[in-house]
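Good morning, and thank you for joining this meeting. I would ask you to look at the sequence and the structure together before we go through selected parts.

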Amino acid sequence: MVRGRKQLRTNNVGFELSKNFSENLPIVLKTIFLLFNEGYSPTQKNELIRYDLCLEAIRMTEILVKNDKIEKKADCYSLLALMYFNASRFDSRMNATNSIIEMDKQDRKNWNQELIHKEIHNLNQAITEKQVSIYLILATISANHCIAPSFEKTDWEEILSLYDNLIELDDTPIIRLNRSVALSKVKGNRNAILELEKLGNRTTIDRNHLFHSTFAELYRLENDTEKAKNSYKKAISLTKNERDVNLLQKKLIEVVPI
């Protein structure tokens, strides 16, 4: 991407879509989505948010949405809505010391309501094409979080149903991991723990620190201190980003005070 932008500046040419661009649109959108995700939760730098990557991903998607050569734009609108829904929470994701604030502890008054309303419009634009996609479902899940008056009053049943639909399109371990959070809210922590145990037995998700940190949270809620402690320690051992290590160590201390 960096080389491409340099070449455009050097040759002084504009941004123009090729004739077969629509065929490659899914690949382009996936690349943009990965770019945004790296900005939203950086893996290479000890930063909470890389705004440069997030803004670049949004900028490129807006170019696609505005381009007349793309006839079917449902996925473009859905991806743009998803990214803006996430961006609306940027200011509440960190405290004064640049430490992570998780969603259940965020001050929703700091969420950007202007962005949320704008992206509900984009989500409605995507729905008009009546094309169900991964981006549409993810954006709808994010919309449910954004419009909920509080973490406790989130429509978890709707979110769980959306994850069930998402699995039909893209059945991946990370999606099932995210689904387990909604499952715990609807059917209880023990059901979520059983699902995660099955997931760990049949996939390699146990190499991901998020898998163990999710286990730890569920055990903590069930007052199973020993298993929570062991899961936090396992998550810390698999985490290379100092930002995530600090958060997990803080949670470990809350479970087992020094």
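How many cavities of 30 Å³ or more does the structure hold? The structure holds 1 such cavity. Please keep in mind throughout that this is a predicted model.

Let me describe that space. The largest cavity contains about 70 Å³. Its lining consists of Arg176, Arg179, Ser180, Glu195, Leu196, Leu199 and Arg202. Sorted by class, this lining comprises 4 charged, 2 nonpolar and 1 polar residues. Two helices deserve mention here: helix 8 (173–187) and helix 9 (189–202) each contribute at least two residues to the lining of the largest cavity. Which helix gives the most to that lining? The answer is helix 9, with 4 residues.

I turn next to helix 12, which covers residues 242–255 and has 14 residues. From its first C-alpha to its last, helix 12 reaches 20 Å, close to the 20 Å expected at 1.5 Å a residue. At its N-terminal end, helix 12 is capped by Asn241, which places a side-chain oxygen 2.8 Å from the backbone nitrogen of Arg243. Arg243 is also one of the buried residues of helix 12.

Lys233 counts as partly exposed, because its relative accessibility of 45% falls between the 20% and 50% cut-offs. Along the chain, Lys233 and Ser213 are 20 residues apart, and their C-alpha atoms are separated by 8.8 Å.

Finally, consider Ser142, a residue of helix 6 (residues 134–147). Is Ser142 buried or exposed? Ser142 is buried, because its relative accessible area is 5%, and the cut-off for buried is under 20%. Leaving aside residues up to four places away in sequence, Ser142 touches Leu82, Phe85, Asn86 and Arg89. With Asn86 there is also a polar contact, made between the two side chains at 3.4 Å.

To close, I would recall two points from this predicted model. Thank you for your attention.

Definitions and conventions
Residues numbered from 1 in each chain as written. Predicted model: local features only at pLDDT ≥ 70, side-chain atom pairs only at ≥ 80, totals over all residues. Heavy atoms only, no water. Buried < 20%, exposed > 50% of the residue type's maximum accessible area, 1.4 Å probe, protein only. Polar contact = N/O pair within 3.5 Å; in protein donor to acceptor, adjacent residues only side chain to side chain. Contact = heavy atoms within 4.5 Å. Expected span 1.5 Å × (residues − 1). 1 Å grid on protein atoms, 1.4 Å probe; cavity = no way out; pocket = protein on both sides within 12 Å on 5 of 7 lines; lining within 4 Å. Points joined across faces, edges and corners; volume = space filled by probe spheres on them. Nonpolar A, V, L, I, M, F, W, Y, C, P; charged D, E, K, R; others polar.
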